[in-house]
Amino acid sequence: MPTLLRLDSSSDPTTSRSRAITQAFADAWTALGDDHVVVHRDLHRDQLPHLSHADLHFPKQLRPEGSVVDPAQEALQAEIIAELTAADVLLVGVPLYNYSMASTLKAWVDYIHVPAVTAPFGDLDTQPMRGKPAVLVSTRGATYDAGTPTEFDDHAIPALSIILGQALGMSVETIVATRTLTERFGGPSAEVAKQHAEFDAALAAAAEAATRLG
Ligand SMILES: Cc1cc2nc3c(=O)[nH]c(=O)nc-3n(C[C@H](O)[C@H](O)[C@H](O)COP(=O)(O)O)c2cc1C
């Protein structure tokens with residue numbers, strides 16, 4: 001059963017571009033056959049609590065002597081990690097909020113990045129997600145074109161690429177739609193045209209990626 005884990009983190013329930021693109025991916029995934037499963041975790045609707053203790057970043061054997069963590073949160077962490085490791089492909093909606101990822105998505109990252117469990121630690125070569133695809137759907141209100149002063153102002157995709165790509169060993173690819181607010185705020189028609197072209201291309205790229213990876 002090829003399983004897609006789809007995460008959404010946009011706090012916009014109606015006009016979100018990242019949700020529209022992850023939906024296009026999920027639709028193409030399920031169109032591949034009845035055996036193609038989508039597990040959908042909406043991190044905005046069902047928000048994870050922040051980690052209540054730093055020791056949850058480590059498995060029991062790496063915690064300080066006498067460490068006590070909330071058992072309910074430890075169980076939740078195990079559930080979140082099991083959901084991730086059961087997936088064949090990870091799809092993440094990444095709206096850019098204040099030049100970073102949504103805090104709801106960051107909370108999920110804090111749960112799943114655990115040295116010696118999902119990432120290597122010392123001699124331990126623990127990378128259950130190694131080689132699996134992670135598709136990041138990046139949506140941003142402003143422009144971040146190559147060669148412009150804002151080219152490197154997105155700090156969400158670089159951080160996720162380090163965690164998922166380097167720490168977890170996943171094969172990361174990114175689908176991007178910028179200028180998402182240009183039309184709403186009466187931007188110049190050439191910029192609005194670019195907004196629509198990027199969004200249409202992102203929808204097509206999502207469907208293509210789902211078909212290729214599914
Ligand atoms: C809290 C908040 C912070 C934002 N910060 C930025 C930002 O730093 N840079 C940017 O280009 N757009 C920013 N935006 C605009 C969003 O990136 C844009 O609306 C994007 O389309 C959000 O993804 P969505 O369409 O899936 O909701 C922000 C929006 C919100 C709600």
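## His-113 and its neighbours

Let's start with a histidine: His-113 touches His-57, Thr-118, Ala-119, Ile-163, Ala-167 and Leu-168, leaving aside residues up to four places away in sequence; contact here means heavy atoms within 4.5 Å. His-113 sits in the loop between α3 (103-112) and β4 (133-139). Helices (H or I, at least four residues) and strands (E, at least two) are DSSP runs, numbered from the N terminus.

His-113 counts as buried because its relative accessible area is 19%. The cut-offs are under 20% for buried, over 50% for exposed, and partly exposed in between (1.4 Å probe, protein chains only).

## About the model

This is a predicted model, where local features need pLDDT of at least 70 and side-chain atom pairs count only at pLDDT 80 or more, while totals for chains, interfaces and linings use all residues. Residues are numbered from 1 along each chain as its sequence is written, and side-chain values use heavy atoms, with hydrogens and water left out.

## Where α2 meets α3

Helix α2 (residues 71-85) and α3 have axes that come within 9 Å and cross at roughly 95 degrees, so α2 is roughly perpendicular to α3. Axes are lines fitted to C-alpha atoms, for helices over the stretch in contact, with angles from 0 to 180 degrees between N-to-C directions. Angles under 35 degrees count as roughly parallel, over 145 as roughly antiparallel, 65 to 115 as roughly perpendicular and the rest as oblique.

On the α3 side, Trp-108, Asp-110, Tyr-111 and Ile-112 meet Gln-73, Leu-76, Gln-77, Ile-80, Ile-81 and Leu-84 of α2.

## Asp-200

Over in helix α5 (residues 189-213) you'll find Asp-200, which is partly exposed because its relative accessible area is 48%.
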